[in-house]
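Open the model in your viewer and keep the selection tool ready. We will go stop by stop.

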Amino acid sequence: MSNSSSVLEPVDEPIDNTPKHSFFERLYTGTGGFQIVGRRRLYYALSAALVIIALLSIGFKGFTLGIDFAGGTRIQLPATAEMSATAVSDAYAKALGHGPVSVQKVGSGAASSYEVRSDTLTPEQQNKVQNALFDAFHPKDSSGAVNRNTISIAEISETWGGQITRKALLALVVFVALTMVYIAIRFERDMSIASIASLFFNLIVTAGVYSIVGFEVTPAAVIGLLTVLGYVLYDNVVVFDKVEENTRGVLHLSRRTYGEQANLAANQTLMRSINTTVIGILPIIGMLVIAVWLLGVGTLKDLALVQLVGMVVGAYSSIFFAVPLLVTIKERFGPVSAHTKRVLAKRSTATQARMREAAAERAGAISGPVRPRETPASAPRPGARPSGKRHKRRR
């Protein structure tokens with residue numbers, strides 16, 4: 001083949017022969033295809049925005065405390081076919097001149113009833129509301145007879161509600177404190193800081209969503225929040241265990257940095273976190289759809305909402321907030337910081353060398369093929385006959 005048939009093309013960068021994987025292939029294989037640590041500023045900004053929105057809602061809007069915390073009057077009457085939450089609220093407003101705090105249907109079938117929650121009513125106001133509801137709906141007792149006493153009224157004092165509030169806050173503080181103690185014992189210092197920050201992030205954002213939606217804060221909601229914090233702790237343990245496994249002995253190597261190994265760990269646990277979250281929220285969605293909307297058990301929506309939001313936020317915080325925060329803390333100072341600088345410097349030197357080689361190859365390709373140099377005649381082999389000219393001179 002002649003030289004003219006071969007064409008040299010300049011190459012700017014090395015050709016990547018590795019196969020390109022789709023989004024779902026990278027998600028399932030967990031081979032580090034997603035830059036979680038590399039894009040930590042984006043996730044920091046998103047996390048900060050969520051926290052700011054939650055704090056603003058808590059500070060300006062506050063929470064809608066249920067009757068168990070704020071105190072008040074609870075009125076309950078059997079449901080009939082012609083009744084609705086709007087009709088019950090209108091009858092209440094007609095008697096007192098203002099509407100109740102909330103009206104919701106609880107139970108299903110023959111056992112269903114409407115529950116009215118309002119501020120604390122005087123005995124006179126309670127009597128007016130009871131008469132107005134009886135005149136509007138004529139509720140019947142279990143025997144089928146119209147009975148005014150089927151409309152029950154219960155009063156919850158503010159003192160008792162304050163005691164419930166203090167006990168709920170005490171339970172929350174004790175749970176968070178015990179969780180922080182466990183995290184401090186279970187992980188090393190930097191991991192403990194990142195995990196505790198993730199715990200408070202989840203607590204603030206979940207409470208903020210509860211404030212934005214405006215659901216009543218009930219004892220069931222507090223119990224659900226404590227359950228969610230336990231789930232967040234479990235998720236952090238799973239992710240940080242993988243980070244510990246991947247970064248063990250990384251300071252003695254020079255191919256990858258601590259952040260790259262942590263990013264690989266986040267990728268490897270990403271699909272597991274998604275599966276765990278989806279499996280966890282399916283029963284909660286079923287609770288919202290079946291229990292609340294179909295069966296009318298409205299008291300379960302408080303528990304379902306806080307668990308749904310908390311589990312989703314917990315899965316996000318353990319991967320996209322806790323791991324990048326851990327890498328940021330590690331790379332600020334100490335041996336991990338020195339190791340990262342050393343690996344990046346070595347990598348930069350190798351990159352510059354490859355660039356110089358590529359530039360030399362391009363320069364050679366542009367100048368054309370090099371002519372072979374003329375080499376001197378080699379010495380005659382032993383026993384070879386002399387050339388014709390030398391043989392004539394001897395004659």
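Start with the lining of the largest pocket. Colour it by residue class: 15 residues are nonpolar, 2 are polar and none is charged. Keep in mind that this is a predicted model.

**Next stop: helix H8**

Hide the rest and keep H8. This helix has 29 residues. From its first C-alpha to its last, H8 reaches 42 Å, close to the 42 Å expected at 1.5 Å a residue. Step past its end to glycine 249, which follows H8. The phi of glycine 249 is positive, near 80°.

**Next stop: the nonpolar cores**

In soluble globular proteins, nonpolar side chains tend to be buried together. Look for that here. The largest nonpolar core holds 53 residues. Select Phe240, Val243 and Tyr258: they have the most contacts inside this core. Several helices each supply at least two of the core's residues, among them H2 (40-61), H9 (258-294), H10 (300-320) and H11 (322-330). Which helix gives the most? H8 does, with 12 residues.

Zoom in on valine 243. Leaving aside residues up to four places away in sequence, valine 243 touches Met191, Tyr258, Ala262, Ala265 and Leu326.

Then move to a second, separate core of 16 residues. Select Ile75, Val103, Leu133 and Ile151, which are included in this second core.

**Next stop: serine 198**

Go to helix H7 and pick serine 198, which sits in that helix. Is serine 198 buried or exposed? Serine 198 counts as buried because its relative accessibility is 0%, and the cut-off for buried is under 20%. Show its neighbours next. Not counting residues up to four places away in sequence, serine 198 touches Val232, Asn236, Ser317, Ser318, Phe321 and Ala322.

**Last stop: the whole protein**

Zoom out and switch to a cartoon view. The protein has 13 helices and 6 strands. Colour by burial: buried residues make up 38% of the 395 residues. Finally, draw the contacts between residues at least 6 apart in sequence. Of these, 77% join residues at least 24 apart.

Methods: Residues numbered from 1 in each chain as written. Predicted model: local features only at pLDDT ≥ 70, side-chain atom pairs only at ≥ 80, totals over all residues. Heavy atoms only, no water. Nonpolar A, V, L, I, M, F, W, Y, C, P; charged D, E, K, R; others polar. Core = buried A, V, L, I, M, F, W, Y, C linked by side-chain atoms within 4.5 Å. Buried < 20%, exposed > 50% of the residue type's maximum accessible area, 1.4 Å probe, protein only. Helix = DSSP H or I, 4+ residues; strand = E, 2+ residues; numbered from the N terminus. Contact = heavy atoms within 4.5 Å. Expected span 1.5 Å × (residues − 1).
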